[in-house]
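Here is a quick tour of one protein model, starting with its nonpolar inside and moving on to its charged pairs. Have a look at the sequence and structure first.

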Amino acid sequence: MEITAEQQQELIRQAKDAYIKAYAPYSHYPVGAATLWSSGKIFAGCNVENASYGLTVCAERNSIFQAVSQGERRLKAVAIAVPAEHFPSPCGACRQVLREFAEDCLVILVNGQGKTRLTRLKTLLPDSFGPEFL
Ligand code: THU
């Protein structure tokens, strides 16, 4: 396994914790994300919406940008949690931003019942474009 069971549990815990702080007064769809990096550190983020709707930042990108701002570059795994019944699914923009820092990685999806579904970035974004092309 590329990450430990403990790391997986901690990612899930932090992603669930993060959606509590989501600022989502327009969509009423809170999302939390937690990313694990090669340093072993985890960074959490929530979605932050704006009255000018297009300025909204997703939970995944919020978490990634915080990590990169602290010097992280190699992403190992991400957990995304919502209180809603349906499993979350990262938007296309966030898939591409995840891809910037990992050719492939574990993606853990968590719904409001606490059920988890495991997938991979390569599955969500096949034949992807990345920094090594440039
Ligand atoms: N959102 C996320 O934060 N992550 C996702 O994976 C899907 C969408 C946010 C953006 C917006 O604040 C709300 O969910 C509804 O689109």
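In the largest nonpolar core there are 21 residues, and W37, I64, L75, C105 and V107 touch the most other members. A nonpolar core here is a set of buried Ala, Val, Leu, Ile, Met, Phe, Trp, Tyr and Cys residues joined through side-chain atoms within 4.5 Å. Buried means under 20% relative accessible area, exposed means over 50%, and partly exposed is in between (1.4 Å probe, protein chains only).

Before going further: this is a predicted model, where local features need pLDDT of at least 70 and side-chain atom pairs count only at pLDDT 80 or more, while totals for chains, interfaces and linings use all residues. Residues are numbered from 1 along each chain as its sequence is written, and side-chain values use heavy atoms, leaving out hydrogens and water.

Back to that core of 21 residues. At least two of its residues come from each of β1 (32-37), α2 (59-69), β3 (75-81), α3 (92-101), β4 (106-110) and α4 (121-124). With 4 residues, α2 gives the most. (Helices, H or I of at least four residues, and strands, E of at least two, are DSSP runs numbered from the N terminus.)

Take I64: leaving aside residues up to four places away in sequence, I64 touches T35, W37, V97, L98 and F101, where a contact means heavy atoms within 4.5 Å. Apart from this core lies another one, of 14 residues, including I3, Y19, L36 and A77.

Now for the charges. Side chains of opposite charge can pair when their charged atoms come close. A salt bridge is counted when a side-chain nitrogen of Lys or Arg sits within 4 Å of a carboxyl oxygen of Asp or Glu, and by this rule there are 4 salt bridges. Here are some of them:

| Pair | N to O distance |
|---|---|
| R13 and E10 | 2.9 Å |
| E132 and R99 | 2.6 Å |
| R120 and D104 | 2.8 Å |

R13 and E10 are 3 residues apart in helix α1 (residues 5-19), so about one helical turn separates them. R13 is partly exposed at 45% relative accessible area, and E10 is partly exposed at 27%.

What does the bridge between E132 and R99 tie together? E132 lies in the segment after α4 and R99 in helix α3, so the pair ties together parts 33 residues apart in sequence. E132 is partly exposed at 47%, whereas R99 is buried at 4%.

R120, in strand β5 (residues 116-120), pairs with D104, in the loop between α3 and β4, so parts 16 residues apart in sequence are tied together. Finally, E2, D104 and R120 are linked in a network of salt bridges.
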